[in-house]
Amino acid sequence: EQLGDFTFRISPRAFYQINPVQTEVLYRTALDCAGLTGKETVVDAYCGTGTIGIFASRNAARVIGVENNRDAVRDAISNAKANRADNVRFYTADMKQVLSDEFVAANGRPDVIILDPPRAGSDERFLAAVTAVGPERVVYVSCNPETLARDLDYLTRHGYRVTRIQPVDMFPHTEHIETVVALARTDSRT
């Protein structure tokens, strides 16, 4: 699949957005919300085949993608090589394992976390880990307004404020919508 300047391999068991024109709009919106300057460490949570992380790689110091689908991670690794995204690393892991003390020690504290969870939304334990590690910015990409509202409620009660919400119509003439939400940390942790 060609998406912007990138080419992606997608295996049958890996998730991929099916509207390539709007997918590019979605990812560019997410990266705009991330406010990358080239110095950041970015965690791409629920990274799938690596598309968002590889898009982010040109504007970040490094990107760490995490996904629990082994087929998708194999695709992501292959996609990073094919697109010469040398500053991206992908891991197969459950989101509950991400952002542990060991993960942060090995990969550094993220400045930005981009999460694009499945329709069920994120796990509260992962959201707790996000708020504990305290990145400056969180970008939440969602295909389900109900779980998005639930997860934003958690994040805004634990040190973040919403700075931007942008819907992206991936499936015209249907009830389905993708939404990108930018959040910024409200306290002064370092």
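In strand β9, E178, V180, A182 and A184 point one way while T179, V181, L183 and R185 point the other way, and all of them are buried (buried meaning under 20% relative accessible area, exposed over 50% and partly exposed in between, with a 1.4 Å probe and protein chains only). In a regular strand, side chains alternate between the two faces of the sheet. The structure is a predicted model, in which local features need pLDDT of at least 70 and side-chain atom pairs count only at pLDDT 80 or more, whereas totals for chains, interfaces and linings use all residues. Residues are numbered from 1 along each chain as its sequence is written, and side-chain values use heavy atoms, with hydrogens and water left out.

Strand β9 spans residues 178-185 and is mostly covered, with eight of its eight residues buried. Helices (H or I, at least four residues) and strands (E, at least two) are DSSP runs, numbered from the N terminus. Two strands are taken to pair if DSSP finds at least two bridges between them. Strand β7 (residues 137-142) runs antiparallel to β9 and is joined to it by six bridges; here V138 stands opposite L183. Strand β8 (residues 160-168) is also antiparallel to β9, with eight bridges joining the two, and R164 has A182 of β9 as its bridge partner.

N107 belongs to helix α4 (residues 101-107) and is buried, with a relative accessible area of 6%. The side chain of N107 makes a polar contact with the side chain of Y91 at 3.1 Å (a pair of N or O atoms within 3.5 Å; within protein, one must be able to donate a hydrogen and the other to accept it, and residues adjacent in sequence count only if both atoms are side-chain atoms). Leaving aside neighbours within four places in sequence, N107 is in contact (heavy atoms within 4.5 Å) with T41, R62, I64 and Y91.

P110 sits in the loop between α4 and β6 (112-115) and is buried, at a relative accessible area of 0%. With neighbours within four places in sequence set aside, the contacts of P110 are T41, V43, L99, V133 and P135.

L99, in the loop between β5 and α4, has a positive phi near 70 degrees although not a glycine, and is buried at 7% relative accessible area. R84, in the loop between α3 (70-82) and β5 (88-92), is not a glycine and has a positive phi of about 55 degrees; R84 is exposed, with a relative accessible area of 72%.
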